[in-house]
Amino acid sequence: MARVTAASALRRRVVTCLGVSAVVLVYLLVRKVEAWVDLPSGSAPAFTALYTATFAWLLWQTVLAYLERPHRARPGQQQQLDRYHVAVLVPLYNEDPGFLRRCLESLLDQSRPPDSVHVVDDGSKVDYTAQQEWFTAACARQGVEASWQRTPNRGKRSAQVTASERARAADIFLTIDSDADLDREAVAQMLQPMADPRVQSVAGVVLAANAERNLLTRCMDLYMTTWQLTERSSQSVLRSVTVNTGVLAAYRAAILRDHTHAYLHETFLGRTVHFSDDSMLTLFAKLRGRTVQQPTAFALAAQPETLSHHVRQQLRWMRGSAIRTCWRLRYLPLSQYAFWTQLVHIFLAVTCGLVFAWLFLVQPFVVGVPLWMFVVVPVTISYVESLRYLTIRRHGQSLRRQLGVFALAPLAMLWSTVVLRALKWYGVATCARTGWGTRANVEVRPAPSAGTG
C-alpha cells in the first residue's frame with residue numbers, strides 16, 4: 001500500500017525559511033532585471049509593470065500556500081464523521097489488473113474503512129474475473145458492503161452515477177480512479193474537512209506511483225505535486241479550490257445526486273462532453289459552499305510513461321480546462337475568490353506568451369541585456385515554487401532521491417512553459433473535440449518488481 005506522510009516539523013520549518021529567503025531573492029532579481037532594462041531610455045518599458053504584477057501574484061500564492069494547515073475535527077465533530085456512510089465510487093476501464101488489485105487492497109486497508117465500495121466496469125476489454133472474485137470475498141470478510149457491475153462503455157461519468165445508485169445510504173461519495181493507491185490514512189483524512197457543514201468537496205494530494213520510471217514521470221511528479229501544494233493550496237486557504245483531482249476527491253452525496261442530469265448531459269457547442277468530470281463536480285460543489293484541499297490525504301497514481309500518452313492526457317485536460325473556464329465565468333458569482341482567480345489565470349495565459357517572446361527574442365538584442373539575466377529569474381522561481389515538494393515523505397524514497405527530483409525544477413518549468421503552454425492553446429482552439437481521447441487499451445503497467453506493500 002502507499003505510504004506517504006508530511007515531513008517532520010523541522011524539515012517543514014527549514015523549507016519555510018528557504019521559501020521566504022527565496023522569495024526575497026526573486027524580488028531582488030526582478031528589480032535587477034528592471035534596472036538593466038531601464039538603463040538605455042531611463043524609463044520603464046511596458047512589460048515592467050507586468051513583470052512586477054506577475055511577481056506579486058507569485059508572492060500572493062506562495063504566502064497563502066505556506067499558510068495552509070490540515071483540517072482537524074473536534075471530538076464532537078469526529079463522532080458525527082464516524083457515523084457518516086462513506087461510499088467509494090470506482091469507475092473501471094481498461095486498467096492494468098495489477099494496479100486495480102493494488103487500488104482495491106488499499107481501500108480495504110484503511111484505518112477508517114469505507115462503508116461501501118462500488119466498482120463499475122465500463123465495458124473494458126480486460127477480463128477482471130479473478131479480481132472481482134477476490135474483491136467480493138475480501139469485502140465480505142471485512143464487513144464492507146460491495147458491488148461490482150459491468151455495463152456497456154458509456155464513459156466515466158456514467159460509471160460513477162451507476163455506482164452511486166448502489167449507495168443510497170451514502171452521506172459522502174469518495175471518487176477515485178481504478179489505479180489509485182491510497183495511503184492508509186487517506187479516507188480518515190479526507191473526512192476531516194467535512195466536519196464543517198459548509199464544506200462541500202475535498203481534494204486529496206496525488207503523487208506519481210511510477211515517478212522513478214523515467215525522466216518524464218519524474219518531471220511530471222514534481223510538476224503535479226508543486227501545482228497542488230502551491231496554487232491549489234493557496235485556493236484552499238480561501239476555501240475556493242476550483243478543480244479536484246479525480247484520483248482522490250470527496251463530495252457530499254447531494255452534489256452528485258442533485259446534479260446527475262447536468263453531469264451526464266453536459267454539452268459544449270452542441271457536443272456532449274465526456275471528460276473533465278472532476279472539475280465539473282468541483283464547480284457544482286463551489287456553487288453550493290466551500291471547496292478545500294486536505295494536504296495530509298495522499299494517493300499514488302500511475303502517470304503516462306510515453307510522450308504520446310502524455311500529450312493525449314494533457315490535451316484532454318487542456319480542452320476540459322477551456323470548457324470549464326467558460327462555465328466558471330458564467331456561473332460563479334463576482335463575490336467569490338474563485339471567479340477572480342479564473343480571470344487572473346486568463347490574463348496571465350494571454351500575456352505570458354507575449355512577455356516570453358519579448359524577453360528572449362527581442363529585448364536582449366535591442367538593449368543588449370545579458371540573456372542570463374532573464375534566465376536566472378525563472379530558474380529561481382522554479383525552485384521557489386517547488387520547495388513544498390520537500391515537505392512530503394514518500395515511503396522508500398530517500399531524501400537524496402527526493403532532492404534529485406527537486407533539482408529537475410527548471411526542466412519541469414521549461415516543459416510547462418514551452419510544451420504544455422503550446423498544448424494549452426491548441427486545447428483551447430480544439431476544445432469542441434469533446435471525446436475522451438485516451439486509453440483504448442492498457443497503457444501503463446506496474447514495474448516488474450513492484451509490490452503492493
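Before moving on, a word about the model. This is a predicted model, in which local features need pLDDT of at least 70 and side-chain atom pairs count only at pLDDT 80 or more, while totals for chains, interfaces and linings use all residues. Residues are numbered from 1 along each chain as its sequence is written, and side-chain values use heavy atoms, with hydrogens and water left out.

**The helices under the patch**

Now colour helix H13 (337-366) and helix H16 (409-429); each supplies at least two residues of the nonpolar patch. Helices (H or I, at least four residues) and strands (E, at least two) are DSSP runs, numbered from the N terminus. The largest share of the patch, four residues, comes from H13. Pick Val350, which lies in that helix, H13. Val350 has 45% relative accessibility and therefore counts as partly exposed; buried means under 20% relative accessible area, exposed over 50%, and partly exposed in between (1.4 Å probe, protein chains only).

**Salt bridges across the chain**

Next, turn to charged side chains. The structure holds 17 salt bridges, each being a side-chain nitrogen of Lys or Arg within 4 Å of a carboxyl oxygen of Asp or Glu.

Select Glu68 and Arg388, whose side chains meet in a salt bridge at 3.6 Å, N to O. This pair links distant parts of the chain, 320 residues apart: Glu68 is in the loop between helix H2 (47-67) and helix H3 (75-83), and Arg388 in the loop between helix H14 (371-386) and strand E12 (392-394). Glu68 is buried at 6% relative accessibility, and Arg388 is buried at 12%. A charge sits over a ring if NZ of Lys or CZ of Arg is within 6 Å of the ring centre and within 35 degrees of the ring normal.

Then go to Asp221 and Arg394, a salt bridge with its closest N and O atoms 2.8 Å apart. Asp221 lies in helix H8 (residues 215-237) and Arg394 in strand E12, so the pair ties together parts that are 173 residues apart in sequence. Asp221 is buried at 0% relative accessibility, and Arg394 is buried at 14%.

A further stop is Glu266 with Arg324, a salt bridge at 2.8 Å, N to O. Here Glu266 sits in the loop between helix H10 (260-264) and strand E9 (267-268), while Arg324 is in helix H12 (residues 307-331), 58 residues apart. Both Glu266 and Arg324 are buried. For a network of salt bridges, select Lys156, Asp177 and Asp277.

**Last stops**

Show Arg101 with Trp134: Arg101 lies over the ring face, at 4.0 Å from the ring centre.

Finish in helix H2 at Thr62, which is buried at 12% relative accessibility. A polar atom of the Thr62 side chain lies 2.7 Å from the backbone oxygen of Leu58.

Note on methods. A polar contact is a pair of N or O atoms within 3.5 Å; within protein, one must be able to donate a hydrogen and the other to accept it, and residues adjacent in sequence count only if both atoms are side-chain atoms.
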